[in-house]
Amino acid sequence: MAKYDVVVIGAGAAGLSAGALLAKEGKTVLVVERSPHLGGRALAVDDEGFKVNLGGHLIEDSGSGITKVFEHVGKELVHGVTSREMPVWDNNTRTWGSIRDRNPDKAELKKVINALTNSTWDELEEWDDRPMREWMAQHTTSQGVYDLFEYLAVLECLTDEWWDHSASDNLWVRKMHYEEKRMAAYSCWPGQGWDGMWRDLVDAIVEHGGEVRTSCEVDRVVIENHRVIGVALGRDGRVVPNDWEAGEVVETDCVISTLPVWNVLRVVPEWELPDWYANQIKYLAQDQYRVSWLNVYMATEEPVTMFDPKELSTWLATPHSPTPGYMYDQAAMDPSSTPAGIHLYCMGGVIPGAKGRDRRYLADMFDRFEAGMFEMYPGLRQHVWRRRGLVFDPPFGVVQKPMLVGKFRPHWRAPNVDGLYFASETFRSRGVGTDRAARAAVTCVEDIIGHRIPTFGDGWRY
Ligand SMILES: Cc1cc2nc3c(=O)[nH]c(=O)nc-3n(C[C@H](O)[C@H](O)[C@H](O)COP(=O)(O)OP(=O)(O)OC[C@H]3O[C@@H](n4cnc5c(N)ncnc54)[C@H](O)[C@@H]3O)c2cc1C
């Protein structure tokens, strides 16, 4: 079998971005994915006529990240429906309003935006250990401005208390969105659908001479004398789960693992890494740091929202559960994802990761969360289809609290193993979700090829 320049483990946003970029750079590359589906945590599959997502809802790239990855490899990430306003549920008054009702003082807001856009990326890096409010308090005392930034933190990072919104991670995204789109938060639905996006990247890999194998599990990264020498695949035709027969070994001296912190040590032997580095991974992998929530899809024959259906709404608590969350009309974003004439609502209520294995708590919270949704959107009582899902294993990501971000995350290059890289948004990276994963891939690819890819300019990188 041929030796590959690089083997990429995982065909999610990071793995497909890395594979496409490397193939474009002329590297021989193999992407290996254990699932039959593409997209990893952002896969989209059919369920009784509805296209449901495990993860991806909206892309938060104002232009310089995953969009540019597509552009660089000869594809287009179509920016479909964008959400521009933000309906907000006030649980104290039990009414809907807009984030604008909180009336951020325009002059104060401008002061903060100026301070942010005048800050360098390096200056923001210094804020990994402190909350966003502390940074903002240097520039304003306006509660309305705090509210605007903090509601966005709830939506993007799923942290709910002001002291838990990391300054560096949140401000990094705000600065990018203000500079690139002149708005506080930019998000869009991918015009080709989530599954279409991943197929486009596979096409780019193949068109540039790379390969993608799905339904193929990597058993372990093979390391000898602190150097990567290959990747051992699971043996085809395994019947008993404790089958110990060796599978094929693919030769390579460079591996990019895109596995998140909570399962990466299943394929990268822990004893090959320094203990402090492996411990950093295990620390972040704890249940309490998993961004978890109750995910509910409900389909109705009549619309249930009282504002523009293309807007994403949010709240800090529902009438019956202390769950911050969001809701959007997926049919308005992508009519092809539901049967004709049916509305498909996707809603989430955040729970503490530490509760993710407590089935009794979860059953009770699902009931309370839904009861709250029925009060907030009475039309949902008439739903004709429902699908509950628990976001815990896998979770959205590692929670972006101070001291759990930036330099507090493991570096993308294994400190003592030549040729071993980690392109994962749960490792050192910035951004939100799939865009963050794609940016992590850019970082690793540039490190491997030894130069910056001009398409990405020299703005936002580590
Ligand atoms: C419910 C939910 C909602 C979300 N909402 C959004 C959103 O609205 N917008 C957004 O941008 N992001 C969202 N995210 C986050 C986003 O899905 C992730 O950040 C992103 O998909 C991570 O991509 P990744 O490639 O880094 O990792 P993953 O997607 O986790 O990819 C890792 C891949 O590795 C594969 N793998 C694992 N073990 C092996 C092995 N041994 N051998 C081979 N392959 C293996 C997995 O099957 C997987 O495909 C959401 C996530 C969830 C769970």
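Two strands count as paired if DSSP finds at least two bridges between them. In this predicted model, that criterion applies to strand S11 (residues 227-233) and strand S12 (residues 249-251), which run antiparallel and are joined by 3 bridges. Within this pairing, Ala232 stands opposite Val249 in S12.

S11 also has a partner in strand S10 (residues 218-224), again in the antiparallel sense, with 6 bridges between them. Here Val218 stands opposite Leu233 in S11. S10 and S11 form a hairpin with 2 residues between the strands, and Asn225 has a positive phi near 50° in that hairpin.

The ligand is surrounded by 40 residues, and the closest are Gly10, Gly12, Gly40, Gly55 and Gly433. Sorted by class, this shell holds 18 nonpolar, 15 polar and 7 charged residues. Helix H1 (13-24) and helix H12 (433-449) each contribute at least two residues to the shell. The largest share, 4 residues, is that of H12.

Is Tyr289 buried or exposed? The cut-off for a buried residue is 20 or more other C-beta atoms within 10 Å of its own. Tyr289 has 21 C-beta neighbours inside 10 Å and therefore counts as buried. Leaving aside residues up to four places away in sequence, Tyr289 touches Leu284, Gly353, Val398, Val399 and Leu404. The C-alpha atoms of Tyr289 and Gly397 are 8.4 Å apart in space, although these residues are 108 residues apart in sequence.

Definitions and conventions
Residues numbered from 1 in each chain as written. Predicted model: local features only at pLDDT ≥ 70, side-chain atom pairs only at ≥ 80, totals over all residues. Near = placed C-beta within 6 Å. Nonpolar A, V, L, I, M, F, W, Y, C, P; charged D, E, K, R; others polar. Buried ≥ 20, exposed ≤ 12 C-beta atoms within 10 Å, placed from the backbone. Contact = placed C-beta atoms within 7 Å.
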